[in-house]
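Please look over the model shown here before reading the briefing that follows.

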Amino acid sequence: MASENITAADYIKHHLQSLTSLSDVTQGQGLKNIADFSFINIDAIFFAVLLGVVGSFVLWMGAKRATAGVPGRFQAAIEILYEFVDDMCKGIIHNEQSRKVVAPLGLTLFVWIFLMNAMDLLPVDLLPWLWQGVTGDHHALLRVVPTADLNTTLALAIGVLLVCLFYNVKIKGFGGWMHEMFTAPFGPMLAPANFILNIVEFLSKTVSHGMRLFGNMYAGELVFLLIALLGGAWALPGESFSLMDPIMVLFHILAGVIWAIFHILVITLQAFIFMALAFVYIGQAHDAH
């Protein structure tokens, strides 16, 4: 984003806006209004799909290179990750047939979400700056962390909800599931209240599942933007270079490194929590009341 005519608030606001129109991509080249998808965050979808392909390729390579002999470092890392996820799945979901689907699903969620979260470790202006060079527009929008977009995290949570509904019907039968929806937890005499309560439970679990991941990643992205301003605030309009600016640049570097190291734990933990909750919710679909 060009530094002229912007403030620190404008800088942050610009980085928190998503690319929603193809005219944003081409207006710097004199082409406008080719397509408007104002209800779709194109950048979130692009990076989510791209990182999904990357994650699938990494797991495929791990499976392709698997040998019965002494594993290499890459194979060992993939095996440790797989065994960790599989052991967790076994501890929560006791149906062996279900685990054949749910364990790979959990592994996919963990790797995919971890890669999307890890985009936060890139310099906040790197990809937007490259994108502005491609489009020729200094105000082109681009957000590179899909999980800092509520649409992405809620879509993942809704996917988990659909899996839960599938296993509710598969394990209990549609009639058995409906019986449970109207009789648990207060008994058949309070059937309407039971049904409403169970619907609210499904909705609340889904919303909290997506909001938890979004909230943590959005906050992390915002902190990185604030740290970026420490070292570059002197470049904003109306600001002049002073002797304190080199100190602020050093503090910017130090704070950025410390937060990035801490954020590695955050992005891993958030991917793990999302996967673990998916296992718990799917496991609950196997339980009869």
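A residue is called buried when its relative accessible area is under 20%, exposed when it is over 50%, and partly exposed in between, using a 1.4 Å probe and protein chains only. This is a predicted model, in which local features need pLDDT of at least 70 and side-chain atom pairs count only at pLDDT 80 or more, while totals for chains, interfaces and linings use all residues. Residues are numbered from 1 along each chain as its sequence is written, and side-chain values use heavy atoms, with hydrogens and water left out.

**Overall make-up**
- The protein has 9 helices and 0 strands, where helices (H or I, at least four residues) and strands (E, at least two) are DSSP runs numbered from the N terminus.
- Of the 289 residues in the protein, 41% are buried.

**Annotated regions**
- The unreviewed UniProt entry carries the annotation "transmembrane region" for residues 44–63, 101–119, 150–169, 217–237 and 249–282, and such annotations may be inferred rather than shown by experiment.
- Residues 101–119 are 95% helix and 0% strand, with their end C-alpha atoms 28 Å apart.
- Residues 249–282 are 100% helix and 0% strand, and there the end C-alpha atoms lie 48 Å apart.

**Helix α4**
- Helix α4, with 20 residues (73–92), reaches 29 Å from its first C-alpha to its last, close to the 28 Å expected at 1.5 Å a residue, a span taken as 1.5 Å times one less than the number of residues.
- Its buried residues are Q75, I78, L81, V85, D86, M88 and C89.
- Exposed residues R73, I80, D87 and G91 sit on the face of α4 turned away from its buried side.
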